[in-house]
Amino acid sequence: MREVLSDLLGWWESGRTVGMATVVRTWRSSPRPAGATMLVGPDGTAVGSVSGGCVEGAVYELSGEVVESGSPLVQRYGVSDDDAFAVGLTCGGIIELLIEPVSRETFPELAEVAAAITTRDPVAVVSVVEGPPEQIGKRMVVWPTHASGSLGSERLDAAAGDDARGCSPPGGPTLCTTAWTASGAARGSPCSSPRTPRRPG
C-alpha cells in the first residue's frame, strides 16, 4: 500500500471510492511480492502494479466491478513460466489478490494509517481473505496500544491483533499488511516471515 498511498489518500479525502487490489499470497516465480498494490481511481486512472503487466488488464476490469457492487472478493491468477516467457513477460507463478472498494465509509482509519507511516510509527492492516463471502475483506487496523475495526469475531480480533503487534513492533516496520482466514489462520505478511500464530479459542 505504501507505494500508492499518496494517490489513495487523495481520492479518499475527496470522498470518492477507489478499487484497490492487493497481493495477499504468491506461489513460484510471481514478479510482485505480497503487499504489492494496484489502484483504479474514480476517473479510471490506474496506479501501481500487482504483476508487472501480466494481469493488470483483468484486475482493472474486476476492480471496477467491485466498486460498483461494493463487495470485496479474492481472485487468483496463474501464468506458467513457459507461457510468460513466450510472450515476453516476466510473470510466471501464481498470485492471489484481495480486491476491495476503498472509501471513507469502508476504510475510515486510512488517514491515521497514512499519518503513522509518515511519522514512522508502527501500524498493521489486517484483512480476511478466506471464509464466508460476508467476511471477505473485513479489516482491522492495529497499533501498539489499540486497534480499530473487526474481522468478524472477538476471538479472531484478539488472535490477529496479537499476531499483528508481533509483526510490527516499536522500532520495526512502519507498515505491516497481513492476511487471515475467517477460521483464524494467518497467511503471513510481507514484512515478516510467515508463521503459525495463536489460534482463537
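Before checking helix packing, I noted how the angle is taken: axes are lines fitted to C-alpha atoms, for helices over the stretch in contact, and angles run from 0 to 180 degrees between N-to-C directions. I also reminded myself that this is a predicted model.

**Entry 1: H1 against H4**

With that in hand, I looked up H1 and H4, which pack at an angle of about 145° with their axes 10 Å apart. Their crossing is left-handed. Which residues meet here? From H1 I listed Leu5, Leu8, Leu9 and Trp12, and from H4 Leu110, Ala111, Ala114 and Ile117. I then picked out leucine 110 and set aside residues up to four places away in sequence; leucine 110 touches Met1, Leu5, Leu8, Leu9 and Trp12.

**Entry 2: the cores**

Next I turned to the largest nonpolar core, which has 22 residues. The members that touch the most others are Met1, Leu8, Leu39, Phe107, Leu110 and Val113. A general reminder to myself: in soluble globular proteins, nonpolar side chains tend to be buried together.

**Entry 3: the whole chain**

I stepped back to count elements and got five helices and nine strands. From the N terminus on, I read their order as α-β-β-β-α-β-α-β-α-β-β-β-α-β. Of the 201 residues in the protein, 46% are buried. For contacts with a separation of 6 or more, I found that 55% are between residues 24 or more positions apart.

**Entry 4**

Is strand S6 (residues 124-130) enclosed or open? Six of its seven residues are buried, so S6 is largely enclosed by the rest of the structure. I followed S6 to strand S7 (residues 139-142): the two run antiparallel and are joined by four bridges. Across this pairing, valine 126 stands opposite methionine 140, and serine 127 has arginine 139 as its bridge partner.

A hairpin of four residues joins S7 to S8, and valine 141 stands opposite serine 148.

I then checked which way the S7 side chains point. Arg139 and Val141 point one way, Met140 and Val142 the other, and all are buried.

**Entry 5: glycine 78**

I stopped at glycine 78, which sits in strand S4 (residues 73-79). Buried or exposed? Its relative accessible area is 56%, and the cut-off for exposed is over 50%, so glycine 78 counts as exposed. Leaving aside neighbours within four places in sequence, glycine 78 is in contact with Gly93 and Ile94. I also took the C-alpha separation between glycine 78 and valine 55, which is 9.0 Å for residues 23 apart along the chain.

**Entry 6: H5**

Last, I looked at helix H5 (residues 154-167), which has 14 residues. From its first C-alpha to its last, H5 reaches 20 Å, close to the 20 Å expected at 1.5 Å a residue. Its buried residues are Leu156, Asp157, Ala159, Ala160, Gly161, Asp163, Ala164 and Cys167.

Definitions and conventions: Residues numbered from 1 in each chain as written. Predicted model: local features only at pLDDT ≥ 70, side-chain atom pairs only at ≥ 80, totals over all residues. Heavy atoms only, no water. Core = buried A, V, L, I, M, F, W, Y, C linked by side-chain atoms within 4.5 Å. Buried < 20%, exposed > 50% of the residue type's maximum accessible area, 1.4 Å probe, protein only. Contact = heavy atoms within 4.5 Å. Expected span 1.5 Å × (residues − 1). Pairing = 2+ DSSP bridges. Left-handed = near helix turned anticlockwise from the far one by under 90°.
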